[in-house]
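Student: Could we go through how the terms used for a protein model follow from its computed values?

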Amino acid sequence: MVSHRLHTRLLGRKQLVKKGMKTRVRRTVVFTAILASASLLLTACANPAPSPSNSPTAVDTSQIVIDTTFDIKTIDPGREYEPTGQIVVKALYDTLLTFADNDTTTVIPDLASYTANADLTQFTFTLLPGRVFSDGSPVTADDVVFSLQRMIGMAGNPAFLLDGVTVTKVDDQTVELTTTDSNPALPAILATPSAGIVNSKVVEANGGTTDSTDGAEAYLNANSAGSGPYVLQTMDVTSQVVLVKNPDYNGPQKPTYGTVILRNVDPATQKMNVERGDSQIALGLSGDQISSLASNVKVESTASATMVFLFLNADPTVNAYTSNPQCVKAVKEAIDYSSLLELAGAGASQAVGLVPLGFLGALTPGQGLAFNLDAAKSDAAACGIQGQTINLSFPNDIDPTGLSMTNVAQRLQQQLQAAGITVNLAPAPFATEIDPYRTGKEQIGLWYWNPDYMDPSSYLAFGPGQSVGLRAGWTADANPAIAALVSQAYTTGDIAQRKAVFDQWGLAMNADSPFIPLIQPGSNVAHQPSVTNVYYNPTWLLNVAGLGAA
């Protein structure tokens, strides 16, 4: 289990949101039309076996160990946007609004309640009384304004989420957010961990500002400055993150475990660890590994919102062949999608379009891309790509929901070679490869994406001129027709009309974009029976503060 957001997900530290993005029409979405499958309750309710004396054995809640494969670059909430980072930041920082663990369709108060005007352009947030940061100081409107203005002003990874939003203090307990266009998605956006509220005095004392001169990231990668249920003890982005209970936390979560240890572990070791009880949760097991787990391990399964995709860079200065539409068409035809799916195991399906199955606007299975080797050979010859070697880059230490990116890359290499298209595999660790990906330097990239927030409009980031589109060198003027569909999808409110626009956009993207949807993996969480309240969330994956003990 991962993405998010691949990934998912956005431009480099200094330039995630380019100026072209700031002209984007605001997201105007109907919030009830969000991922239905994400609201599936994952139950985990086994009781520990009694001791020989028939007295219940107490569950050790002093710590819980969670194994996953890391994709984490920073835990500064105004900058972070990788899936493992989302897990950590969710634990450290409260947001104005959130979702219940077992319901991802309705926002609820976290630090604040809110009201909105009739056309959803003005949102008023009233802080709940008495909430404090981890140093005991009160959470105030000044902290909210600073946090959100910092997120916007740094222009870091998640800044685009508040594009076009103005944040204003009304009084010490009240903040107003206004937008130019109707924006019913804003409450969901404010529930993302990246919108976490920081202690403004502490962050400012350690270099924090609300513009590009901000220098607080190093401090926030070693210390937490939030009001969440946990505080940071240690972090190594390559190996382990340790969280401990926040003694001053006075929110509704009531965390069960005193210490949470997240470890960067390969899937094979994850399986062994959870079977023998060396860890309590494994987040990265493949379908095959899940099917062969020992009987003492429980498994919770649901559809993931992860989408594994390939892209060819549309910038001719990066590569003349990947930017040739006929070469892109040849690659799409050369891929045997059903063969790729064999690598994903239980619960996976072909990614029919860029919006995953389960979301409003997802294409139906018959509308996906299709394998046609003869056509691929013909188009490859016509565009001149035959005989040329092109680099296929991917992170080789990440296994989204247990799917080996290395195995997928190797299978793609074989399939493309059969059509006369030669690719050189160029793997690198996530921490190394993420910057070339975000800055548009990869010729062909194999990546994955998790939703930025719980609405299908999150996937519009793949459009021309949008954040992921720009990573593939695909500017808004490269395809004005699809760019117009993106604007329509953001601003259409009626459910039926919105679905029709998303359908049109998805078909156009399959036909004319540099992106190739490959696999929608399943989400499988393996855990010891002593752990309860295990819920999958498409954005922050796992709320560690909500985990229980039987």
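The discussion below sets computed values against their definitions.

Tutor: This is a predicted model, in which local features need pLDDT of at least 70, side-chain atom pairs count only at pLDDT 80 or more, and totals for chains, interfaces and linings use all residues. Residues are numbered from 1 along each chain as its sequence is written, and side-chain values use heavy atoms, with hydrogens and water left out.

Student: How many helices and strands does the protein chain have?

Tutor: The protein chain has 15 helices and 21 strands. Helices (H or I, at least four residues) and strands (E, at least two) are DSSP runs, numbered from the N terminus.

Student: Where does S194 lie, and what does its side chain reach?

Tutor: S194 is in the loop between α3 (186-189) and α4 (200-205). Its side chain reaches the backbone oxygen of E80 at 3.0 Å. A polar contact is a pair of N or O atoms within 3.5 Å; within protein, one must be able to donate a hydrogen and the other to accept it, and residues adjacent in sequence count only if both atoms are side-chain atoms. Leaving aside residues up to four places away in sequence, S194 touches P77, G78, E80, Y81, Q86, M151 and P158, where contact means heavy atoms within 4.5 Å.

Student: What makes α8 roughly antiparallel to α10?

Tutor: Helix α8 (residues 325-334) and helix α10 (residues 373-383) pack at an angle of about 155°, with their axes 8 Å apart. Angles over 145 degrees count as roughly antiparallel, so α8 is roughly antiparallel to α10. The contact includes Q326 and C327 of α8 and L373 and A375 of α10.

Student: Which residues other than glycine have a positive phi, and how does the accessibility of each one classify it?

Tutor: L120 has a phi near 55°, and L541 has one of about 65°. L120 lies in the loop between β4 (112-116) and β5 (122-127); with 26% relative accessibility, it counts as partly exposed. L541 lies in the loop between β20 (531-532) and β21 (548-549); with 2% relative accessibility, L541 counts as buried.

Note on methods: Axes are lines fitted to C-alpha atoms, for helices over the stretch in contact, and angles run from 0 to 180 degrees between N-to-C directions. Angles under 35 degrees count as roughly parallel, over 145 as roughly antiparallel, 65 to 115 as roughly perpendicular and the rest as oblique. Buried means under 20% relative accessible area, exposed over 50%, partly exposed in between (1.4 Å probe, protein chains only).
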